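Biologist: I have a structure open and would like to learn how to read it. Can we go through some features one by one?

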Amino acid sequence: MKLELDITPLNQWFLNFSKPMLIAGPCSAETEVQMLTTARQIAAFYPGSIFRAGIWKPRTRPNTFEGIGDIGLKWMQQVKSETGLLTATEVATAEHVEKCLKHGIDVLWVGARTTVNPFSVQEIADALKGTDIPVFVKNPIFPDLQLWAGALERINNAGIKKIAAVHRGFHSYDNGPFRNSPKWELVIELKTACNELPVICDPSHIGGTPELIPYLAQKAMDMDMCGLMIETHVQPKSAWSDAKQQVTPYELKEIISDLNIRSASVADIELQTKLEELRAIIDKLDNELLELLAKRMAVSAQIGAYKRDNSITVLQVAHWKKLIENGILRGNLLGLPKDFIKGLYHLIHDESIRRQTEVMNKSTSPLNPPKINSGQALSSGEG
Ligand code: PEP
Ligand code: MN
């Protein structure tokens with residue numbers, strides 16, 4: 001994927017940036033007391049953080065708490081003047097943007113439910129024209145990298161250069177222990193497409209429970225993300241939204257101080273040499289894996305031809321079930337986790353089915369198998 005953005009580096013606009021940049025505060029603004037008490041406690045620990053609070057809440061079902069509305073902007077101003085914290089909130093319409101600008105909110109973010117809609121993102125982008133307020137773009141609810149990139153481009157095209165992406169997890173069938181599946185591979189792809197783009201992790205919405213936040217926050221730091229957005233409330237259990245996932249300012253302090261912040265570059269020459277040696281071994285093994293996969297797919301194609309000539313369907317569910325069960329058992333003996341083996345087998349099997357289906361629909365004989373890359377052909381660069 002290609003993503004070219006014109007970005008002002010984070011440390012040029014977020015002064016005294018040190019990892020992690022912290023965005024903390026309640027899911028929703030509820031009352032003046034809740035806002036000020038939470039903000040004071042956060043400011044006591046992290047005076048350099050950004051205070052977040054949702055003023056307008058996108059709720060899945062109506063007749064739930066849909067945000068306190070405009071009065072919350074006044075409380076944000078109070079938070080800022082009393083604690084000195086910068087303030088941030090979610091915008092979903094041009095009207096939200098205008099109100100935030102009028103009330104001196106420092107950072108805006110586009111929520112996951114808005115990123116999915118290019119009309120809404122464009123409306124927000126148009127309302128931002130002529131300003132240079134920092135804007136964070138949360139990933140869309142669905143694991144669609146193009147939508148995420150598209151929203152970042154729309155905001156950037158409006159002239160906003162202080163931008164960052166927020167990784168808050170994706171809705172999927174199988175979220176495992178998470179409220180939203182992290183799908184770290186999509187973050188890697190986004191960073192690969194645009195390395196200068198700062199990426200902030202929101203472990204609260206990924207985890208959905210405080211217990212998972214330390215693990216997710218550490219993983220985000222090890223993935224070289226620059227910041228964390230963590231929902232923080234003086235009384236999490238009685239929060240008006242997302243009560244299950246918020247932490248107290250004290251718990252936040254524990255989470256942040258337990259983090260191990262590692263460096264993304266290797267300055268020490270000895271460390272660098274050792275790392276390169278290990279990387280060379282990995283490269284060799286990866287090559288061997290690719291060659292084996294190419295050989296395996298060539299056999300799949302031969303099976304496809306055989307099935308075609310004998311009128312056998314491509315898929316035999318019982319066989320596939322046996323295959324994956326055995327794979328999981330063998331993987332387990334080798335110390336490979338079940339989910340990893342499942343994912344790998346699904347990938348290999350999907351490609352195998354594709355090859356077989358392709359062969360099925362060509363008139364090749366099993367004695368004269370179609371030309372498929374062998375491992376050797378692949379490494380010598382022949383088709
Ligand atoms: C939020 O930050 O409270 C929120 C609604 O987030 P998301 O858009 O990630 O669901
Ligand atoms: Mn929330």
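Biologist: Is Glu-277 buried, partly exposed or exposed?

Modeller: Remember that this is a predicted model. Burial is judged by relative accessible area: under 20% is buried, over 50% is exposed, and values in between are partly exposed. Glu-277 has 46%, so it is partly exposed. Lys-274 also has 46% relative accessibility and therefore counts as partly exposed.

Biologist: Which residue forms a salt bridge with Glu-277, and how far apart are the closest N and O atoms?

Modeller: A salt bridge needs a side-chain nitrogen of Lys or Arg within 4 Å of a carboxyl oxygen of Asp or Glu. Here the partner of Glu-277 is Lys-274, with the closest N and O atoms 3.7 Å apart. The two are 3 residues apart in helix α12 (residues 269–309), so about one helical turn separates them. Elsewhere, salt bridges with shared partners join Glu-351, Arg-354, Arg-355 and Glu-358 into one network.

Biologist: How many salt bridges are there in the whole structure?

Modeller: A search finds 19. One of the salt bridges is between the side chains of Glu-231 and Arg-52, at 3.3 Å from N to O. Glu-231 is in strand β8 (residues 227–231) and Arg-52 in strand β2 (residues 50–52), so this pair ties together parts 179 residues apart in sequence. Glu-231 has a relative accessible area of 1%, so it is buried. Arg-52 is buried too, at 1% relative accessibility.

Biologist: Which residue forms a salt bridge with Asp-202?

Modeller: Lys-138 does, and the closest N and O atoms are 2.8 Å apart. This pair links distant parts of the chain, 64 residues apart: Asp-202 is in the loop between β7 (199–201) and α9 (203–207), while Lys-138 is in strand β5 (residues 135–138). Asp-202 is buried at 0% relative accessibility, and Lys-138 is buried at 5%.

Biologist: Where does the ligand meet polar atoms of the protein?

Modeller: Look for pairs of N or O atoms. A polar side-chain atom of Arg-52 is 2.7 Å from an oxygen atom of ligand 1. For Ala-112 the contact uses a polar backbone atom, 2.8 Å from a ligand oxygen. For Arg-113 an N or O atom of the side chain is 2.8 Å from an oxygen atom of the ligand. Ligand 1 on its own has 290 Å² of accessible area, and the protein covers 97% of that.

Biologist: Which residues form a nonpolar patch on the surface?

Modeller: Leu-333, Leu-334, Leu-336, Phe-340 and Leu-344 do, with about 530 Å² of accessible area together. Leu-336 is in the loop between α13 (317–333) and α14 (338–360), and its 33% relative accessibility makes it partly exposed.

Biologist: What should I look for in the backbone?

Modeller: Most residues other than glycine have a negative phi, and most peptide bonds are trans. Asn-16 is not a glycine, yet its phi is positive, about 60°. Asn-16 is in the loop between α1 and β1 and is exposed, with 77% relative accessible area. Ser-311 also has a positive phi, near 50°; its place is in the loop between α12 and α13. As for the peptide bonds, a cis one joins Lys-19 and Pro-20, with omega about -5°.

Notes: Residues numbered from 1 in each chain as written. Chains lettered and ligands numbered in written order. Predicted model: local features only at pLDDT ≥ 70, side-chain atom pairs only at ≥ 80, totals over all residues. Heavy atoms only, no water. Patch = residues over 30% accessible without salt bridge, like charges linked within 9 Å, V, L, I, M, F, W, Y side chains within 5 Å. Areas by Shrake-Rupley, 256 points an atom, 1.4 Å probe, with all protein chains shown as cover. Helix = DSSP H or I, 4+ residues; strand = E, 2+ residues; numbered from the N terminus. Buried < 20%, exposed > 50% of the residue type's maximum accessible area, 1.4 Å probe, protein only. Polar contact = N/O pair within 3.5 Å; in protein donor to acceptor, adjacent residues only side chain to side chain.
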